[in-house]
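Open the model in your viewer and keep the selection tool ready. Each stop below says what to select and what is there.

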Amino acid sequence: MWQQLFQNARNEIGILAYAGLFLAEDMGILRALAERARSGARVRILLGDPDGTCVAERGSDEGVGESMAAKIRNALVHYRALSEVDGVEIRLHDTEPFSTCVELAVLEDVDGLGQVTGAVGAAA
């Protein structure tokens, strides 16, 4: 599902997650993100700061401890090559800006109207 959404995006792709590791580990998705950026779409990836307090609290709340921060660091390694592609921005946050029910979104302009598609992480 995610790869198809990313491949069809024309103007902008936004990913907001703590780790989103399942995306970073998928070479097809990484290729699609790079291709869309090279075609002029803006690709923005915002991940949790692995050294931030919110990630530590989330790891504690979910009973996974420091593995949350480790997943983010792992995702950042996978995204390293993508970060060198013009049109791709990768940043970190130390906030809880979203609910757990919608973790990722693809923003696309369809016939001049904004459209947001969201789903719960890897379960989508």
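**Stop one: a histidine**

Select His 93, found in strand β3 (residues 88-93). Strands are DSSP runs of E, at least two residues, and helices are runs of H or I, at least four, numbered from the N terminus. This is a predicted model: local features need pLDDT of at least 70, side-chain atom pairs count only at pLDDT 80 or more, and totals for chains, interfaces and linings use all residues. Residues are numbered from 1 along each chain as its sequence is written, and side-chain values use heavy atoms, with hydrogens and water left out.

Is His 93 buried or exposed? His 93 is buried, at 7% relative accessible area. Buried means under 20%, exposed over 50%, partly exposed in between (1.4 Å probe, protein chains only).

Now show polar contacts (N or O pairs within 3.5 Å, one able to donate a hydrogen and the other to accept it; residues adjacent in sequence count only if both atoms are side-chain atoms). The His 93 side chain reaches the backbone oxygen of Thr 95 at 3.1 Å. A polar atom of that side chain also lies 3.5 Å from the backbone oxygen of Ala 17.

**Stop two: an arginine**

Select Arg 36 in helix α3 (residues 27-38). Arg 36 counts as buried, at 13% relative accessibility. Its side chain reaches the backbone oxygen of Ala 9 at 2.8 Å.

**Stop three: a glutamate**

Select Glu 57 in helix α4 (residues 53-61). Glu 57 is partly exposed, at 46%.

**Zoom out**

From the N terminus, the elements run α-β-α-α-β-α-α-β-β-β. Of the 124 residues, 40% are buried.
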